[in-house]
Amino acid sequence: MNTLLTDGLFACMAAIGFGSINNTPRGLLPWCGLIAALGHATRFALMHSSFHLNIILAGFAGSICIGIISSFASRHYRCPYEVLAFPALLPMIPGMYAYGTIQALICYLQFNAAGTPSEHYLNILAYNAIMTLLIILFMVVGVLVGIFASRIFRTFS
């Protein structure tokens with residue numbers, strides 16, 4: 001439970017930082033942080049609980065949570081949902097996979113220029129690039145699913 005709260009707290013701080021850079025109104029910054037904490041904690045819980053989901057599916061579920069909450073909060077505060085959803089999604093971007101992609105690309109180019117076989121780095125490059133793209137794609141689709149689901153829910157209520 002302690003690690004879940006720590007994960008949410010760090011996601012909250014990152015979202016508030018990203019929101020302040022993007023000129024989010026000061027009154028909405030705590031909501032950006034809260035939405036990010038809930039979404040990131042959802043992803044963390046699904047990855048590290050008995051579910052043991054991979055980062056792609058757990059990030060998808062976390063981004064659905066972010067989409068639903070940001071849609072309702074944006075309607076309540078009369079602001080575009082992007083103001084709340086985008087800073088909340090940014091802490092979930094897979095930085096380690098993106099860094100691993102660039103690192104493997106550099107190693108591949110160095111060893112390839114030297115004339116030594118470098119299939120190992122090419123495999124790492126492909127794996128990290130595919131993981132980065134899939135995680136980001138599922139995050140975008142997840143937040144859109146959450147926004148559309150909340151609109152459908154509002155229509156029937």
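**The aromatic pairs and their helices**

Modeller: Let's start with Tyr97, which is partly exposed at a relative accessible area of 22%. On that scale buried means under 20%, exposed over 50% and partly exposed in between, using a 1.4 Å probe and protein chains only. Tyr127 is also partly exposed, with 46%.

The model is predicted, so local features need pLDDT of at least 70 and side-chain atom pairs count only at pLDDT 80 or more, while totals for chains, interfaces and linings use all residues. Numbering runs from 1 along each chain as its sequence is written, and side-chain values use heavy atoms, leaving out hydrogens and water.

Searching the whole structure turns up five aromatic pairs. One of them is Trp31 with Tyr77, a tilted pair at 5.6 Å centre to centre with 45° between the planes. To pair, rings of Phe, Tyr or Trp (its six-membered ring) need centres within 6.5 Å; planes under 30 degrees apart are stacked, over 60 edge-to-face, and the rest tilted. Trp31 belongs to helix α2 and Tyr77 to helix α3 (residues 55–77), so this pair links distant parts of the chain, 46 residues apart. Helices here are DSSP runs of H or I with at least four residues, numbered from the N terminus. Trp31 counts as partly exposed because its relative accessibility is 32%, and Tyr77, at 34%, is partly exposed too.

Now back to where we came in: Tyr97 and Tyr127 make an edge-to-face pair, 6.4 Å centre to centre and 65° between the planes.

Besides Tyr77, helix α3 holds Ser74, which is buried with a relative accessible area of 8%. Leaving aside residues up to four places away in sequence, Ser74 touches Cys79, Pro80, Tyr81 and Leu84, where contact means heavy atoms within 4.5 Å.

As for α2 (29–48), the buried residues of α1 pack against it and against α4 (81–89). Those α1 residues are Asp7, Gly8, Ala11, Cys12, Ala15 and Gly19. They cover an arc of only 140° around the axis, which puts them on the same side of α1; the arc is that of the directions from the helix axis to the C-beta atoms. On the face turned away from that buried side, α1 carries the exposed Asn2, Thr3, Phe10 and Ile21.

Key. Helix = DSSP H or I, 4+ residues; strand = E, 2+ residues; numbered from the N terminus.
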